[in-house]
Amino acid sequence: MEEMKGEIVAEVELKSGPHAFFKFWKEEAHNTPNHTSSHIKAVKIHHGDGKTPGSIKIWDYTIDGKKEVFKEMIEVEEEKKMVKLTGLEGDVFKLYKVYNGIWHIIPKGDGYVAKITIEYEKLNPEFPAPHKYLDMVANFTKDIDAGLVNASASVSA
């Protein structure tokens, strides 16, 4: 039997650099649909300014052809270059009691990666680990990184 609680992890190589990517997640995550509209349809600021820890955002996204919603509160660990989205409400909570997404910017080789961790606790042992959500998050992380690279290229051109 699979564990009820766990973490699943993916790494995405960052071409935009650690500072631009961390700044995006910390201050501009509400602009995610500009970079990845095929995954994320809208990010609305529900409480706060969307930048300050404790701010709450609501994400509208599509997964497996279904529209879903995720409400989260942001936490930032500046020194560790880590952003955590603590899940509060949404469709994932039909399967999971706990669902949190973490982006941790870490050096790897000559560059940097976004280490993406999803912390979860299932409501039922029969439910799968959230691999489909991790795949979606890794894909839109790549889209955001590419968008940041394109934005910096057009600024310096």
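1. Let's start with Asp-60, which is buried at a relative accessible area of 18% (buried means under 20%, exposed over 50%, partly exposed in between, with a 1.4 Å probe and protein chains only). Its side chain meets that of Lys-44 in a salt bridge, 2.6 Å from N to O (the rule asks for a side-chain nitrogen of Lys or Arg within 4 Å of a carboxyl oxygen of Asp or Glu). The pair links distant parts of the chain, with Asp-60 in strand S3 (residues 56–63) and Lys-44 in strand S2 (residues 40–47), 16 residues apart. Helices here are DSSP runs of H or I with at least four residues, strands are runs of E with at least two, and both are numbered from the N terminus. Lys-44 is partly exposed, at 43%.

2. A word on provenance: this is a predicted model, where local features need pLDDT of at least 70 and side-chain atom pairs pLDDT 80 or more, while totals for chains, interfaces and linings use all residues. Residues are numbered from 1 along each chain as its sequence is written, and side-chain values use heavy atoms, leaving out hydrogens and water.

3. The salt-bridge count comes to 14. One of them joins the side chains of Lys-108 and Glu-11 at 2.6 Å, N to O. Lys-108 sits in strand S6 (residues 96–108) and Glu-11 in strand S1 (residues 5–14), so this pair ties together parts 97 residues apart in sequence. Both ends are partly exposed: Lys-108 has a relative accessible area of 48%, and Glu-11 has 39%.

4. Lys-26 and Glu-27 also pair up, at 3.8 Å from N to O. Lys-26 is buried at 15%, whereas Glu-27 is partly exposed at 23%.

5. Now the inside. The largest nonpolar core has 37 residues, and among those with the most contacts inside it are Phe-21, Trp-25, Trp-59 and Phe-140 (a core is a set of buried Ala, Val, Leu, Ile, Met, Phe, Trp, Tyr and Cys residues joined through side-chain atoms within 4.5 Å). Helix H3 (residues 131–156) gives the most to this core, with eight residues. Beyond its neighbours within four places in sequence, Trp-59 is in contact (heavy atoms within 4.5 Å) with residues including Trp-25, Ile-40, Glu-68, Leu-85 and Phe-140.

6. Have a look at Pro-130 too, in the loop between strand S7 (111–122) and H3. Pro-130 is buried, with a relative accessible area of 0%. Not counting residues up to four places away in sequence, Pro-130 touches Ile-8, Tyr-96, Tyr-99, Ile-118 and Tyr-120.
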